[in-house]
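Hello,

Here is the structure I promised to pass on to you. Please open it first, and then read my notes below alongside it.

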Amino acid sequence: MWSMQLRLNDCYRQQRFPYPLFGSDATIALGVYMGVNGKGGESIAPALKR
Amino acid sequence: MKNTIKYIAPALVALLAGCAAVPAGPELDKLAADMAKTSFRDQGQAKMDRLLPDDANRECSAADVAGNPIDEKKAQAIQEANLKTIKWPSDGQFLGDWKAGEKIAQSGRGMTWSDKAGSENGGNCYNCHQIDKKEISYGTLGPSLYNYGKLRGVSDPGDAAAKPILEYTWGRIWNARAYNACSQMPRAGHNGILNEQQVKHIMALLLDPNSPVNK
């Protein structure tokens with residue numbers, strides 16, 4: 001099981017971003033944003049094939 | 001208990017005062033840009049300059065934030081500027097090999113910090129487009145490209161009548177902003193994702209009558 005930090009790291013890699021620092025403001029802000037907005041949501045994976 | 005309140009109260013007042021001064025739009029933009037600067041670093045070929053928006057990026061996201069389509073005149077200017085950047089095939093040949101094109105369309109490799117700089121990139125076309133009907137795993141952010149050439153009446157790509165479609169398709173792959181100012185499509189040629197030969201192969205995939213796309 002990957003932590004949110006690892007998931008975001010790979011997400012940014014695939015977006016061709018520069019390297020996100022672990023524990024950086026941007027990654028924590030994004031993790032919190034998704035946590036708050038995704039609360040109570042149901043997983044519908046695989047939602048996207050690609 | 002009383003003591004605790006005595007200490008917390010001033011802190012609360014300070015906190016609330018802080019809340020009252022929520023920064024406005026431009027300040028927030030600067031905060032976000034500064035945060036990006038301290039949250040990322042160069043790694044391999046993925047350098048920090050990738051986070052810098054160009055003028056078109058700025059105009060398009062500003063329109064997006066405002067919830068309006070981009071101003072017509074600004075869109076025209078962006079499209080004209082981008083149209084000028086398109087490099088047309090050096091030998092006048094638009095089409096390569098559709099089989100090679102299919103491989104490029106399938107491949108999503110390249111340009112990440114874990115790819116070797118200078119290694120061959122894919123086009124990742126299937127990520128957003130349906131192309132060959134046989135491939136059932138495709139994205140839907142872009143329009144379907146199945147029967148692309150056939151639907152546009154290209155039966156002989158060498159024929160002069162097909163030239164405008166060939167040019168438009170080449171330009172759209174090379175730099176999509178030449179036709180749609182705020183296009184989300186990666187500018188494959190313009191940004192050096194695909195080279196001229198690779199764009200020719202993609203062109204063949206879309207426009208060669210023998211390509212499965214046009215069957």
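Let me begin with helix H2 of chain B, residues 25–39, which has 15 residues and reaches 21 Å from its first C-alpha to its last, close to the 21 Å expected at 1.5 Å a residue. That expected span is 1.5 Å times one less than the number of residues in the helix. Helices here are DSSP runs of H or I with at least four residues, strands are runs of E with at least two, and both are numbered from the N terminus. Of the 15 residues of H2(B), the number buried is 1, so this helix lies largely in the open. A residue counts as buried if 20 or more other C-beta atoms (placed from the backbone) lie within 10 Å of its own, as exposed if 12 or fewer do, and as partly exposed in between.

A word on the source: this is a predicted model, in which local features need pLDDT of at least 70 and side-chain atom pairs count only at pLDDT 80 or more, while totals for chains, interfaces and linings use all residues. Residues are numbered from 1 along each chain as its sequence is written, and chains are lettered from A and ligands numbered from 1 in the order in which they are written.

Now to chain A. It has 2 helices and 1 strand, in the pattern α-β-α along the sequence. Its C-alpha atoms fill a box of roughly 30 × 25 × 20 Å along the principal axes, and 12% of its 50 residues count as buried.

How many residues does each chain bring to the contact between them? Chain A gives 14 and chain B gives 22, where two residues are in contact if their C-beta atoms, placed from the backbone, lie within 7 Å. On the chain A side, helix H1 (4–14), strand S1 (19–20) and helix H2 (25–38) each supply at least two residues. The largest share, 3 residues, comes from H2(A). By class, this side of chain A has 6 nonpolar, 3 polar and 5 charged residues. Ala, Val, Leu, Ile, Met, Phe, Trp, Tyr, Cys and Pro count as nonpolar, Asp, Glu, Lys and Arg as charged, and the others, Gly among them, as polar.

Back in chain B, helix H8 (residues 196–207) packs against helix H7 (residues 163–174) at an angle of about 130°, with the axes 10 Å apart. Axes are lines fitted to C-alpha atoms, for helices over the stretch in contact, and angles run from 0 to 180 degrees between N-to-C directions. That makes H7(B) oblique to H8(B); under 35 degrees is roughly parallel, over 145 roughly antiparallel, 65 to 115 roughly perpendicular and the rest oblique. Among the residues making this contact are B:Trp170 of H7(B) and B:Ile202 of H8(B).

H8(B) also meets H5(B): their axes come within 7 Å and cross at roughly 105°. That makes H5(B) roughly perpendicular to H8(B). The residues in this contact include B:Gly101 of H5(B) and, again, B:Ile202 of H8(B). By class there are 7 nonpolar, 3 polar and 1 charged.

Finally, look at the loop between H5 (98–106) and H6 (148–151) of chain B, where B:Met111 lies. Its phi is near 70°, a positive value in a residue other than glycine. B:Asn147 is in the loop between H5 and H6 too, with phi near 65°. B:Met111 is partly exposed, with 19 other C-beta atoms within 10 Å, and B:Asn147 is partly exposed with 14.

Happy exploring!
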